[in-house]
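This briefing is meant to be read beside the sequence and the three-dimensional view. Please keep both at hand.

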Amino acid sequence: PPPPFPRGATPAPPRRSDEMPPSPSTIKHHPSSVNLELLTSLLREGKEKQLVKFLSKELSCVSMPLAKRLVAELQWAADTPVDTLQDKQIVALYQLLRDATFGNPSASCLSPVGEYNMRLGIIKELRPDLVATHQESACVVEGHPAVIEAGVCLGGRDAKPGITVYRFANRIPLLFEGGGDVATVVSKKRIAWANYKIRHTQDKIGVFVSLVSTKVPFKGTGKEYIGDDIPEVREAVKRAIEKCCLQLKAKIVKQRALADEREKKKNLTKYIPDVSRALIGMMSQLAEAGGEAGGGRQRARPRDAEHDALLEQVRAKRLKEEDLSEKLRVHVETCDAANALETVEAGKRGARLLLQDLYLSPLDEATELLPEVQHPLFALKLHARALHAERA
């Protein structure tokens, strides 16, 4: 068979996304994250000669006043040289850094995949009916920053009823020992799925949890799962999954409301022939009775003229069952359209949307585009002249 690509050609598969994860930056060690060996190495190889300057410049989240208070807590002189510290003194300093409270480290050293790319990946692999993603703000685990990202989807290709958990650590999938992982335990035991209109035993639920950190808290030497005994990670995973479930709940409620409207319309349309037949029969009897009585009414009632005209059409065979069925069908369609419009308007008022005109123009090679704007649902590129027109 012929080769899939011409000789010398390089295959270039289409990109799923043009948005790259943020590049990590270098930060200093957090005092709570250093161990005894690392602290000793930093003291021996650091450029600062005094202990106070070493603490404030070689470690993050330590200001000069805080460094002086730490040294005073050890009852050492503020100008204590670093190279004179003995092993026992380094151990005492290490214990103090473990017991003291510091600010949270910066999460700029992490490179999470992002909600947008996670959503695209879930859609590409599973093709679910509904999908929601969320990225939690950075938390701290033993002095190391960590970011939890979660995604929850319903339905999908080759999905099975129940909860299926997909786990990632620093964007690498974890394939083994998933039963004790924090993502599995939280999703199966700590989430009240019924509160979000989701049936966890019948619906096809996919749960994606990604943890990005400078030190992933693995359990065991195999590094195959993250334990459920770390409160910061456990609560962050639970919050992220619940935020995804809230997004899905709003979509499920809308879908069920639309399904109820369709079922209501279907039922009304189903009984239109029977209602038309009953109405025609009743009006035929009224027309015959009215003709025999000769119209001897004692008191006029509202809309008597319309009723008499309608009975006259029935008496003259100008109003038939088919005509009445068609009028009822048109009335049902009109009411359905009015309800749909009212629902849309109510949604707009609730979301406080500001409607603006949108114009589309053809592109050419000379068109200058602004940087792409990424959103969890779409990617948008604007003309540069649109910005100039707005400024003008």
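Predicted model: local features only at pLDDT ≥ 70, side-chain atom pairs only at ≥ 80, totals over all residues.

Residues are numbered from 1 along each chain as its sequence is written, and side-chain values use heavy atoms, with hydrogens and water left out. Helices (H or I, at least four residues) and strands (E, at least two) are DSSP runs, numbered from the N terminus. A residue is called buried under 20% relative accessible area, exposed over 50%, and partly exposed in between (1.4 Å probe, protein chains only).

- Two strands pair if DSSP finds at least two bridges between them.
- Strand β1 (residues 130-135) runs antiparallel to β3 and is joined to it by six bridges, with H134 opposite A150.
- Strand β2 (residues 139-141) is also antiparallel to β3, through three bridges, and V141 stands opposite H144.
- Two residues lie between the strands in the hairpin of β2 and β3, where E142 has a positive phi near 55°.
- Nine bridges link β3 to β6 in an antiparallel arrangement, and V147 faces V212 of β6.

**Helix α5**

- The expected span of a helix is 1.5 Å times one less than its number of residues.
- Helix α5 (residues 115-126) has 12 residues and should therefore span 16 Å, which agrees with the 16 Å between its end C-alpha atoms.
- Among the buried residues of α5 are Y116, R119 and L126.

**The aromatic pair**

- Rings of Phe, Tyr and Trp (its six-membered ring) pair if their centres lie within 6.5 Å; planes under 30 degrees apart count as stacked, over 60 as edge-to-face and the rest as tilted.
- One aromatic pair is present in the structure.
- The ring centres of Y166 and F208 are 4.5 Å apart and the planes lie at 10°, so this pair is stacked.
- Y166 belongs to strand β4 (residues 162-169) and F208 to strand β6 (residues 204-213), so the pair ties together parts 42 residues apart in sequence.
- Y166 is partly exposed, with a relative accessible area of 29%, whereas F208 is buried at 8%.

**The cavity**

- On a 1 Å grid over the protein atoms alone, a cavity is a set of points where a 1.4 Å probe fits but cannot get out, and lining residues have an atom within 4 Å of a point.
- Grid points are joined across faces, edges and corners, and a volume is the space filled by probe spheres set on the points.
- The count comes to one cavity of 30 Å³ or more, and the largest cavity holds about 60 Å³ of space.
- Residues lining the largest cavity include I148, R167, D181 and V237.
- At least two lining residues come from each of β4, α6 (182-189), β6 and α7 (231-270).
- The lining has 10 nonpolar, no polar and two charged residues; Ala, Val, Leu, Ile, Met, Phe, Trp, Tyr, Cys and Pro count as nonpolar, Asp, Glu, Lys and Arg as charged, and the others, Gly among them, as polar.

**Residue N35**

- N35 lies in the segment before α1 (36-45) and is partly exposed, with a relative accessible area of 39%.

Notes: 1 Å grid on protein atoms, 1.4 Å probe; cavity = no way out; pocket = protein on both sides within 12 Å on 5 of 7 lines; lining within 4 Å.
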